[in-house]
Amino acid sequence: MLGRGSGSSSLRDNKLEPLLQGIQPEFTSGLRYSYRPYGIFEKLGIPGPKPYIYLGTVGRHHKVYYEDDVLSAKKYGKVWGTYEFRTPMLVVMDPEMLKTILVKECFTYFTNRRNPGDILQNLINSQTASKPSKGQPTQGLSDHEISTQVTMMMFAGYETSNITLAFLAYNLATNPEVMKRLQEEIDSTFPDKGAVQYEALLQMEYLDCVVNESLRLYPPAGRLDRVAKETVKIGDITIPKDMLVMVPVYALQRDPELWPQPEEFRPDR
Ligand code: HEM
């Protein structure tokens, strides 16, 4: 399944070169720069929409990004190439490839580009030991900077939890038979409106199914991304070093091959 790829692919689209013959060098270098990223997926034999200069393929099939992914999946299959403006972005919806990218090799060949590692520990480790002296650049983070970062994380956690609960309430309200069954599970787990116990909560299988099904239909993060740390071959696909790899979560979780009648809220799946 997985192999170390041989070398990294150039981003240059050689089709441009014959067209540039006889044009002023200053102008051609600008054009080469503009077109440089485009053409990589054609070379790799990966399908996808044709990019526009500077704009790439953003919103090509639908202005809402996750609906664009659904339409692209119908057109191109499980793997396709897009350009986020000038950045090539490989989209992977194939479950076997995703197991390798997100689980088996997630640290060897891929990184979460936002911030790998234990964020809080990194923040604490980088705290300034003493106040910066006059004229000296500040080393590490101050208390204020750490509290700003933690506040940001709290908002990130707040928004995701908030969206999850809002859609859960919506799905229960529009599926009364599910709500009734869930109420029965709650009443049998915590009789006489008893206090909620964490261990007992973990045993609530139907609650788990209901929350998972709600997150499948309405994932708060419609896309995930990784970056290839080195060139790697997964199955028939070679992913070049530094390639941005995107997981179209929303489209994946509504793929009719994986989820029959994907639009339906069915916690028993
Ligand atoms: C239902 C609630 C939540 C959902 C659905 C959710 C979803 C996600 C997803 C999909 C990711 C990206 C994972 C990946 O790239 O593999 C993520 C990352 C993250 N989430 Fe949440 N999240 C939730 C709650 C929270 C809470 C409560 C916090 C903090 C208090 C939080 C903080 C973070 C942080 C810091 C990351 C980045 C981790 C990293 O890059 O290493 N999330 N979350």
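Let me start with helix H5, residues 95–104, which lies across E3, E4, strand E5 (224–228) and E8 and runs at about 120° to E3. Helices (H or I, at least four residues) and strands (E, at least two) are DSSP runs, numbered from the N terminus. The axes are lines fitted to C-alpha atoms, for helices over the stretch in contact, and the angles run from 0 to 180 degrees between N-to-C directions. Contact between two residues requires their C-beta atoms, placed from the backbone, to lie within 7 Å.

Before going on, the provenance. This is a predicted model, in which local features need pLDDT of at least 70 and side-chain atom pairs count only at pLDDT 80 or more, while totals for chains, interfaces and linings use all residues. Residues are numbered from 1 along each chain as its sequence is written.

Back to the helix. Which residues of H5 are buried? They are Met 97, Thr 100 and Ile 101. Seen down the axis of H5, these buried residues fall within an arc of 85°, so they line one face of the helix. The arc is taken from the directions from the helix axis to the C-beta atoms. Pro 95, Glu 96 and Val 103, on the other side of H5, are exposed. For burial, the count is of other C-beta atoms within 10 Å of a residue's own, with C-beta atoms placed from the backbone: 20 or more is buried, 12 or fewer is exposed, and in between is partly exposed.

Now the sheet. It is open, has five strands in the order E2-E3-E8-E5-E4, and its pairing is mixed. Strand E2 (79–84) and strand E4 (110–111) are at the edges with a single partner strand each, so one side of each has no neighbour in the sheet. Two strands are taken to pair if DSSP finds at least two bridges between them.

I will go through the pairings in sheet order. E2 and E3 run antiparallel and are joined by six bridges. Val 79 has Val 92 in E3 as its bridge partner. The two strands form a hairpin with two residues between them, and Phe 85 in that turn has a positive phi of about 60°.

Next, E3 (residues 87–92) pairs with E8 (residues 244–247) in the parallel sense, over three bridges. Along this pairing, Met 89 stands opposite Leu 244, Leu 90 has Val 245 as its bridge partner, and Val 91 has Met 246. E3 is mostly covered, with five of its six residues buried.

On to E5, which pairs with E8 in the antiparallel sense over four bridges. Here Val 227 stands opposite Leu 244 in E8.

H8 (residues 176–189) and H10 (residues 205–217) pack at an angle of about 145°, with their axes 9 Å apart. Which residues meet there? From H8 they are Val 178, Arg 181, Leu 182 and Glu 185, and from H10 they are Tyr 206, Leu 207 and Val 210. By class, that contact has five nonpolar, no polar and two charged residues. Ala, Val, Leu, Ile, Met, Phe, Trp, Tyr, Cys and Pro count as nonpolar, Asp, Glu, Lys and Arg as charged, and the others, Gly among them, as polar.

Some loop residues next. Thr 108 sits in the loop between H5 and E4 and is exposed, with 12 other C-beta atoms within 10 Å. Thr 108 and Glu 230 are 122 residues apart in sequence, yet 8.9 Å apart in space, C-alpha to C-alpha.

Tyr 54, in the loop between helix H3 (40–44) and helix H4 (65–76), is not a glycine but has a positive phi of about 65°. Tyr 54 counts as exposed, with 10 C-beta neighbours inside 10 Å. Asp 242 lies in the loop between strand E7 (237–239) and E8, and its phi is also positive, near 75°. Asp 242 is partly exposed, with 14 other C-beta atoms within 10 Å.

Finally, the chain as a whole. The protein chain has eleven helices and eight strands, and 19% of its 269 residues count as buried. Among contacts between residues at least 6 apart in sequence, 64% join residues at least 24 apart.
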